[in-house]
Amino acid sequence: MKLNEIAKALNLECESEVEISGLNSLLDSNENELSFLENKKYAHDLEKTKAAAVFVKKEVALKVPENCIALICDEPYLTLAYASKLFAPKLIETKGSDCIVKDNTIIMDNVHLGKNSTIGENCTIMSGVFIGDNVQIGDNTVIYPNVSIYRDCKVGNNCIIHAGTVIGSDGFGFAHTKDGKYIKIYQNGNVVIGNDVEIGANCSIDRAVFKSTILSDRVRLDNLIHIAHNCKLGEGCILTGQVGLSGSTTLHEYVIMGGQSATAGHLEIAAFTTIAARGGVTKSITTPKKQWAGFPLFEHRQWLKLQGKIAKLLK
Amino acid sequence: MKLNEIAKALNLECESEVEISGLNSLLDSNENELSFLENKKYAHDLEKTKAAAVFVKKEVALKVPENCIALICDEPYLTLAYASKLFAPKLIETKGSDCIVKDNTIIMDNVHLGKNSTIGENCTIMSGVFIGDNVQIGDNTVIYPNVSIYRDCKVGNNCIIHAGTVIGSDGFGFAHTKDGKYIKIYQNGNVVIGNDVEIGANCSIDRAVFKSTILSDRVRLDNLIHIAHNCKLGEGCILTGQVGLSGSTTLHEYVIMGGQSATAGHLEIAAFTTIAARGGVTKSITTPKKQWAGFPLFEHRQWLKLQGKIAKLLK
Amino acid sequence: MKLNEIAKALNLECESEVEISGLNSLLDSNENELSFLENKKYAHDLEKTKAAAVFVKKEVALKVPENCIALICDEPYLTLAYASKLFAPKLIETKGSDCIVKDNTIIMDNVHLGKNSTIGENCTIMSGVFIGDNVQIGDNTVIYPNVSIYRDCKVGNNCIIHAGTVIGSDGFGFAHTKDGKYIKIYQNGNVVIGNDVEIGANCSIDRAVFKSTILSDRVRLDNLIHIAHNCKLGEGCILTGQVGLSGSTTLHEYVIMGGQSATAGHLEIAAFTTIAARGGVTKSITTPKKQWAGFPLFEHRQWLKLQGKIAKLLK
């Protein structure tokens, strides 16, 4: 879609005919992508962006770098929300080739196989599974009944996905208008799952708003886990039952999270960190290999000590 | 069903042939409904009831208003449980007209469409969706794979319901007999969802025991959220991942609840209230526009101060 | 499978041709089962085992009882993981008899019925339900849409299972190799559900690693509940929304757990115990009929007192 067409659709001024392939964050955008700046906290990212154009407020227009076009608007985030709809893929593809199913793969009854999708060798796809359009599944992967995999997602080799799990549902994103309406930010990214990953029953793993929510090789998820959009789980991370990760959480490799623990959004947890059951992480953890507990979070030893002190209040 | 027939089925005495359409609470009952009083806490509601009849203990029979018949029993709540079965609709309708599907609506493969149901224009109903009997779905609504919508529920226009979500499952209600058996209270109400509502993946929204569990226009639910029977969510409420609402919780408009927060039952939360992640609400919040956190719940500033004090215990 | 064949597959030394039927814990094994000892904490169980053979480290080999063969290895738990694969049943049976469906049972559309399974009289099995191989379901049981019941599980009479629930998914079990790989412990047990049990929507109940995860008669589960492998719920237990039980938790009869409460693994809770909402149980509770709250857990009165003391810190 050409930039001037996008601008016209949004009632903005722009003559440029540069071809725009999609939306992205300031730092991740390439020269064919469109980005935005709402929160001044990220103003330093604006200077570094390679985006073709950005939605910005008038007062920061001068800070837009040379090769980037400023699309001036009052509410950049809201404008982004309207723009996201222009790039949303179809709910269902009606054209394209039938799903390719490779040798020795079993497709049980009542399975939906989307257009332009591929399922590798030696897989078992059980009853009631939904494989959306343009999905890729590797070899030797088992998908249990009633799993839903939304369009454009990828699952690697030797994976196991238990019943009822949803992969690629929309992230929870919307902008507000001044009169209290919510404008959906279409979640045009996907979910990418590596090799040798096992996911429990009735989990939900949201697709990214831009690019990918990522579960790296050897990740293990227990049941009823919520992974919000744009999370990145490093190699070998282990998440126990009912864990919840807010949006854009990054877990480095081999992070372990106990049952019902959770994170706030936009933070990083260093490699080999352990979060005890019910731990609530609200700030990034930068030192690897430590153990943490509680909400607010303390180092595990400190938390135990604190519980001792609290119990003493009773005396 | 006539009142004397109901009484007979329950081994109670009553000659009245008034037609009873269903069960309801004391305050909500109309002159064709049957109610109950178990807990003396609600005795003042008894005086105001318009119900045709009530199950009551002998000692409060005199307080039953003039136009209302007292059905005297030892355990009114248990009697209500037995009565609820008499009004339970069929699990599956075998008669009635086929589901009406309006123009430009796509019904994918492996979808069940119940009797006497209606689906509006421009909808997309994806594979594996179950639409029960007597369900009404508005226009432009998208229902993702493997969603289950139980009988009698209503979904408005421009809604999005993500995969695996269950709408209209039975509320968690039962009475106890003296010898430790549980007698199910049939959940004869439904769920009513307004317009422009988006619901995430693998949520569960229980039907009401009487009348309706309500999600008003523009409500937004993230993933893995539990809404118990008879909750009412006002316009524009936003519930983040893994929130749980106990039965008969009322959220007024634009309440925001953070991840894993929850409420006890039978309480109200004032408009524009914000509950931080993990907040646990155990009493009604009557002042609007405040922010709360913690469990037990404090005003957010107080909670932050308290955490500071607690951390000091370590020194 | 003969013991010498198993040993050969695992690169261990053993000549015995005793027939091994499966794996089990030290205390539960019979004379045709194979067990293991990794953690010295359980060394006293070794002396009592009736297992045909055990995987043990060299240093405890002398403590293996007379009629039990010591299979010496460096990492018994990891060896068990490799062995578990040898006993894993097929993902899908292709042979065997078709599912037996008894009189007056309704099977709706898009249901999968596994081989060698039986469904009793007067049941209703709704659309999108998956009944795996070798499953037994009693009489008068209702299974709502899109429920998945994995192979070998049993459900009793007069049960109700709400939509989206998963029964028999794999427990969360794996051993680690020294180079950071996870080796799956195949979960070769099942789930056994008694009579008159009601289970809410979108729950997940994992199958046992050995033997059975058990829900006894009259258990009531609300929505979005996680029951890990090898839990045992006594008669009449009531679990409210979003409760999570870690592996090998035993609840004795009539335990009540409030919303979002949880347990650590390998513990017991005495009969008629009540755990308040959000309670976190980390040690066994041996005295029956008490009420508990908080995390860490206190007796309910103590917890209330403690909250009062904590609130005073603010003054």
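Let's start with chains C and B: 40 residues of chain C touch 47 residues of chain B, where contact means heavy atoms within 4.5 Å. This is a predicted model: local features need pLDDT of at least 70, side-chain atom pairs count only at pLDDT 80 or more, and totals for chains, interfaces and linings use all residues. Residues are numbered from 1 along each chain as its sequence is written, chains are lettered from A in the order in which they are written, and side-chain values use heavy atoms, with hydrogens and water left out.

Now the area. Chains C and B bury about 3,400 Å² between them, and carbon and sulfur atoms give 62% of that. Buried area is the accessible area (1.4 Å probe) that two parts lose on being put together, summed over both. On the chain C side, Arg278(C), Leu313(C) and Leu314(C) lose the most area to chain B, together 19% of what that side buries.

Next, charges. How many salt bridges cross the interface of chain C and chain B? The rule finds one. A salt bridge is a side-chain nitrogen of Lys or Arg within 4 Å of a carboxyl oxygen of Asp or Glu. Here Lys184(B) pairs with Glu198(C), and the closest N and O atoms are 2.8 Å apart.

On to chains A and C. That contact takes 40 residues from chain A and 47 residues from chain C. The buried area is about 3,400 Å², with 62% from carbon and sulfur atoms. In chain A, Arg278(A), Leu313(A) and Leu314(A) lose the most area to chain C, together 19% of what that side buries. One salt bridge is counted between chain A and chain C. Lys184(C) forms a salt bridge with Glu198(A), the closest N and O atoms being 2.8 Å apart.
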